Amino acid sequence: MRSDLAPGETLLFVYGTLRRGGANHGRLAGARFVGEGVTVARHALFVGDFPYLATAPAVHRVRGEVYAVDAA
């Protein structure tokens, strides 16, 4: 586990509307911004009623942001 995480914190990678300036960013109220991130592996990004990443077809590395969040 990373030493800069507080007890009970978990790292969360977000993309799309959860990023800063996105329509759903408010859902991360209270979360601590750690930094920008990009997936190591390539993924397919599907956008529709419910956006999600899939391992196939492996199209591109996805850019996003990393937050430290707690269980709440």
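**View 1. The second largest pocket of this predicted model and the residues around it.** In this predicted model, the second largest pocket is lined by E9, by the run of R27, L28, A29, G30, A31 and R32, and by A68, V69, D70 and A72. The volume of the second largest pocket is about 160 Å³. Sorted by kind, the residues of its lining comprise six that are nonpolar, one that is polar and four that are charged.

**View 2. The largest pocket and its lining.** The space in the largest pocket amounts to about 270 Å³, and the residues that line this pocket include L12, F13, V14, Y15, G16, T17 and L18, together with N24, L45, V47, F50 and P51. Strand β1, which covers residues 10–14, contributes the most to this lining, with three residues. The lining of the largest pocket has nine nonpolar and three polar residues, and no charged ones.

**View 3. The tilted aromatic pair of F13 and Y15.** Three aromatic pairs are found when the whole structure is searched, and one of them is shown here, with the ring centres of F13 and Y15 lying 6.5 Å apart.

**View 4. The edge-to-face aromatic pair of F33 and Y67.** The ring centres of F33 and Y67 are 5.4 Å apart, with 65 degrees between the planes, and this aromatic pair is edge-to-face. The pair links distant parts of the chain, for F33 belongs to strand β2 (residues 32–38) and Y67 to strand β5 (residues 63–69), 34 residues apart. Which of these two residues is buried and which is partly exposed? F33 is partly exposed, with a relative accessible area of 33%, whereas Y67 is buried, with a relative accessible area of 3%.

**View 5. The surroundings of E65, with R20 and Y67.** E65 is part of strand β5, and its relative accessibility is 3%, so E65 counts as buried, the limit being under 20%. The side chain of E65 makes a polar contact with the side chain of R20, at 3.0 Å, and another with the side chain of Y67, at 2.7 Å. R20 also lies over the face of F33, at 4.0 Å from the ring centre.

Definitions and conventions:
Residues numbered from 1 in each chain as written. Predicted model: local features only at pLDDT ≥ 70, side-chain atom pairs only at ≥ 80, totals over all residues. Heavy atoms only, no water. 1 Å grid on protein atoms, 1.4 Å probe; cavity = no way out; pocket = protein on both sides within 12 Å on 5 of 7 lines; lining within 4 Å. Points joined across faces, edges and corners; volume = space filled by probe spheres on them. Helix = DSSP H or I, 4+ residues; strand = E, 2+ residues; numbered from the N terminus. Nonpolar A, V, L, I, M, F, W, Y, C, P; charged D, E, K, R; others polar. Phe/Tyr/Trp six-rings, centres within 6.5 Å; stacked < 30°, edge-to-face > 60°. Buried < 20%, exposed > 50% of the residue type's maximum accessible area, 1.4 Å probe, protein only. Lys NZ or Arg CZ within 6 Å of the ring centre and 35° of its normal. Polar contact = N/O pair within 3.5 Å; in protein donor to acceptor, adjacent residues only side chain to side chain.
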